Amino acid sequence: LPRPCRGAMVEAGLLLSILGLALFLRLLALMDMPFGLWYDEAIHGMSAVRILEDSSYRPIFVPEANVASPIIFMQAASIWLLDRNTVALRLPSVLMDVGLIFLLYLLARRFLGGRIALIVAFLLAVSSWDITWARNAMPGVSTPFFAVAGVLSFLWALRRRDLASYALAGVVLGSGFWYY
């Protein structure tokens, strides 16, 4: 196996550091900040708990929360793993946002190169508005996540030029519409 060059190793290390910083900033005092639960977050939590407790409740759209169900199902899985608490409810948004930072890095790297992509990822990682959206249990972070994922998947399909790749890109794009 060929050994990766030093530059690639440094870039990967810097990217992992940026993603670690982003995760730290989004998880720091997540139980307490923002204080309490917003009304929408509470509705999401109650809907997620209902999914866990009522086997006949498998909504496509959750009218009480006025959102499509995927984010509620992710929150239900998180609550199932971590118990009923604020962190469990907000964790899916945090993870999706860290994923957004990684995907944006990939997109920026494709068009602007590795150094600029690292700067873009760092700026998003420390952006106060992005941290704020990532720290609440609402689907706001899903829109930029799927927008960037959609662009990347279509670029990948254009390179591969096969039906399966275009179908996958369509699924990613459709998922973005469904999540928000």
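**Start with the whole chain**

The model you have open is a predicted one. Show the protein chain as a cartoon and you will find eight helices and two strands. Followed from the N terminus, the elements run α-α-β-β-α-α-α-α-α-α. The C-alpha atoms fill a box of roughly 50 × 40 × 30 Å along the principal axes.

Of the 180 residues, 44% are buried. Another way to look at the fold is through its contacts: among those between residues at least 6 apart in sequence, 70% join residues at least 24 apart.

**Select residues 39-53: helix H2**

Color residues 39-53 to pick out helix H2. How far apart are its end C-alpha atoms? They are 21 Å apart, which agrees with the 21 Å that 15 residues should span at 1.5 Å a residue.

Next, show the side chains of Glu41, Ile43, His44, Gly45, Ser47, Ala48, Val49 and Ile51, keeping in mind that Gly45 is a glycine; these are the buried residues of H2. What do they pack against? Their neighbors are strand E1 (61-62), strand E2 (67-68), helix H3 (70-82) and helix H4 (86-112).

**Stay at H2 and step to Glu53**

Select Glu53 and Arg84 together. They form a salt bridge, with the closest N and O atoms 2.1 Å apart. This pair links distant parts of the chain: Glu53 belongs to helix H2, while Arg84 sits in the loop between H3 and H4, 31 residues away. Are these two residues buried or exposed? Glu53 counts as exposed because its relative accessible area is 57%, and Arg84 is exposed too, at 55%.

While you are in the loop between H3 and H4, click on Asp83, which is also found there. Asp83 has a positive phi of about 80° although it is not a glycine. Most residues other than glycine have a negative phi. With a relative accessible area of 54%, Asp83 is exposed.

For another example, go to Asn66 in the loop between E1 and E2. Its phi is near 60°, again a positive value in a residue other than glycine. Asn66 is exposed, with a relative accessible area of 59%.

**Select residues 86-112: helix H4**

Asn85 caps the N-terminal end of H4, with a side-chain oxygen 3.1 Å from the backbone nitrogen of Val87. Then follow the helix along its 27 residues: H4 reaches 38 Å from its first C-alpha to its last, close to the 39 Å expected at 1.5 Å a residue. Where does H4 bend? Look at Pro92, where the bend is about 30°. After the helix comes Gly113, whose phi is positive, near 95°.

Now select Leu106, a residue of helix H4. Leu106 counts as partly exposed because its relative accessibility is 32%.

**Finish with the salt bridges**

Side chains of opposite charge can pair when their charged atoms come close. How many salt bridges does the whole structure hold? A search finds seven.

One of them joins Glu11 to Arg109, with the closest N and O atoms 2.5 Å apart. This pair also links distant parts of the chain: Glu11 is in helix H1 (residues 6-27) and Arg109 is in helix H4, 98 residues apart. Glu11 is buried, at 14% relative accessibility, whereas Arg109 is partly exposed, at 40%.

Then select Arg160 and Asp162, a salt bridge whose closest N and O atoms are 3.1 Å apart. Arg160 is partly exposed at 46% relative accessibility, and Asp162 is partly exposed at 26%.

For your last stop, select Arg26, Asp97 and Asp130 together. Salt bridges that share partners join these three residues into one network.

Note on methods: Residues are numbered from 1 along each chain as its sequence is written. Side-chain values use heavy atoms; hydrogens and water are left out. Helices (H or I, at least four residues) and strands (E, at least two) are DSSP runs, numbered from the N terminus. The expected span of a helix is 1.5 Å times one less than its number of residues. Buried means under 20% relative accessible area, exposed over 50%, partly exposed in between (1.4 Å probe, protein chains only). Contact means heavy atoms within 4.5 Å. A salt bridge is a side-chain nitrogen of Lys or Arg within 4 Å of a carboxyl oxygen of Asp or Glu. The bend at a residue is the angle between axes fitted to the seven residues ending there and the seven starting there. A polar contact is a pair of N or O atoms within 3.5 Å; within protein, one must be able to donate a hydrogen and the other to accept it, and residues adjacent in sequence count only if both atoms are side-chain atoms.
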